[in-house]
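Here are a few friendly notes to read with the model open beside you. Take them one at a time and find each spot as you go.

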Amino acid sequence: MRSTRTGRTTSATSTTGRTLLSALAIGGLALGASACGGSDGGKSTPSASASTSAQSGGGVQLPKLNGEKIEVAAVWTGAEQANFVKVLKEFESRTGATVTFVPAQDPIVNFLGTKIAGGSPPDVAMLPQVGAIQQAVAKKWAKPASPEAKAQLAANYSKVWQDLGAVDGTQYGVYFKAANKSLVWYNTKVFQNAGVTPPATWKDFLSTADTISASGVTPVSVGGADGWTLTDWFENVYLSQAGPDKYDQLAKHAIKWTDPSVKDALTTLAQLFGKPNLIAGGTDGALQTEFPASVTQTFTGGDQPKAGMVFEGDFAAVNIAETSAKVGTDAKAFPFPAVGDKAPVVTGGDAAVALKDTKGAQALLTWLASTDAAKIAASSGGFISPNKALDAAAYPNDVQRGIAKALIAAGDNVRFDMSDQAPQSFGGTPGKGEWKDLQDFLKNPSDIAGTQSKLEADAAAAFKN
């Protein structure tokens, strides 16, 4: 995922919310992600045994692909890329194919457009947005998934995850990676020194922020330089406050962004964004802070970090691992506070889509939909699979196991992240659409009506309705 950004799907049912709360409580409100070794540049070598057998010891059957070269593009870097390469290496050992990881730029659809125009598309692309899958299909880039890949999906995935990868009833995408994006990470020393505990409601969250501020530490870190973090703030507030039905309508642009429910959510966000003293670096500082720095600055500086807490997904543990803070002791997390009756649960995912209708590309989709592939990725840490057949024991710690169980328990109640469902020009492009409009809102949170008007104009242009 975009480390960061994959992450995004939404479930608002009370059962799911309670399940997640319980999972976090059992895990000590700490999310762990194990760091892994560096990658080999994305290129891996098939094992000698692959030429004689392509049968999986775990059940999935793959064809012999001796000598075939496959390219797979994704925006992942660092630990996420290295973990994915482990999955690709096992595919090589089972098939005899040679797989090359192609680093892609964000937004990936633009990157793929350039590659396709140049006559050199990758065989498979990992797409972090539902809208990107739809766009790839509309441009006739994407190839339908094979019967073998669909069989793995039917066996291992709930219907909602299959539907998210389908366009007009045809299966294209295989969701490989998911994320929980309804978490607030906090510096335990800051909370202890301020005498506060994790808040459960938005009202308590604001009160906690005020208390932390009074203790001498700026309470909240916001990575506003990355517009997608602001869409996640909005989506969590909106889902909890407006409810899942309204959420679904706004995601499809069935209601306008000038709807009163949007005004209510922006008004709620302004209770935080409108107080620069509660945000690390103030408004200007937040707009210049990228997501990774928003995390690391919360867990560096000893008793005087730049912020006491930071909102974002389970994948933030990867960034925390870059500091001296230890997840579970120095760094813990609590669920995004309830604005309405229920706390929100937002998650997202990355789907593999074939851009070439080759035996190798389709075999890789089949592999990525299998429990065997999910098990390798899960054991590396910093990864959650939507594969319901995966044994939770594959995860390296109780917290990740709890989060994964909550995701699976949501079943068909999961709703994908709103901005990731939108056309990329609105919900997934830096400096444009929703990302830019919410950055402007962070800069001037008193202009709620103006923000709504800009959001609606950009949404209408993107959705063409």
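The points below look at one strand and then at some salt bridges in this predicted model.

1. Start with strand 7, residues 173–180. Is this strand enclosed or open? Of its 8 residues, 8 are buried, so the strand is largely enclosed by the rest of the structure.

2. Next, look for its partner. Strand 7 pairs with strand 12 (residues 345–354) in the antiparallel sense, over 7 bridges. Within this pairing, Asn180 sits opposite Thr347 of strand 12.

3. Now turn to charged side chains. How many salt bridges does a search of the whole structure find? The search finds 10. One of them joins Lys356 and Asp123, at 4.0 Å from N to O. These partners are 233 residues apart: Lys356 is in the loop between strand 12 and helix 15, and Asp123 is in the loop between helix 3 and strand 4. Lys356 has 30% relative accessibility and so counts as partly exposed, whereas Asp123, at 6%, counts as buried.

4. Lys181 forms a salt bridge with Glu312, with 3.9 Å between the closest N and O atoms. Lys181 lies in the loop between strand 7 and strand 8, while Glu312 lies in the loop between strand 10 and helix 14, 131 residues apart. Both Lys181 and Glu312 are buried.

5. Asp440 and Lys454 also form a salt bridge, their closest N and O atoms being 3.1 Å apart. Because Asp440 is in helix 20 and Lys454 in helix 21, the pair ties together parts 14 residues apart in sequence. Asp440 counts as buried at 19% relative accessibility, since the cut-off for buried is under 20%.

6. Finally, find Glu90, Arg94 and Asp372, which are linked in a network of salt bridges.

Technical notes: Residues numbered from 1 in each chain as written. Predicted model: local features only at pLDDT ≥ 70, side-chain atom pairs only at ≥ 80, totals over all residues. Heavy atoms only, no water. Buried < 20%, exposed > 50% of the residue type's maximum accessible area, 1.4 Å probe, protein only. Helix = DSSP H or I, 4+ residues; strand = E, 2+ residues; numbered from the N terminus. Pairing = 2+ DSSP bridges.
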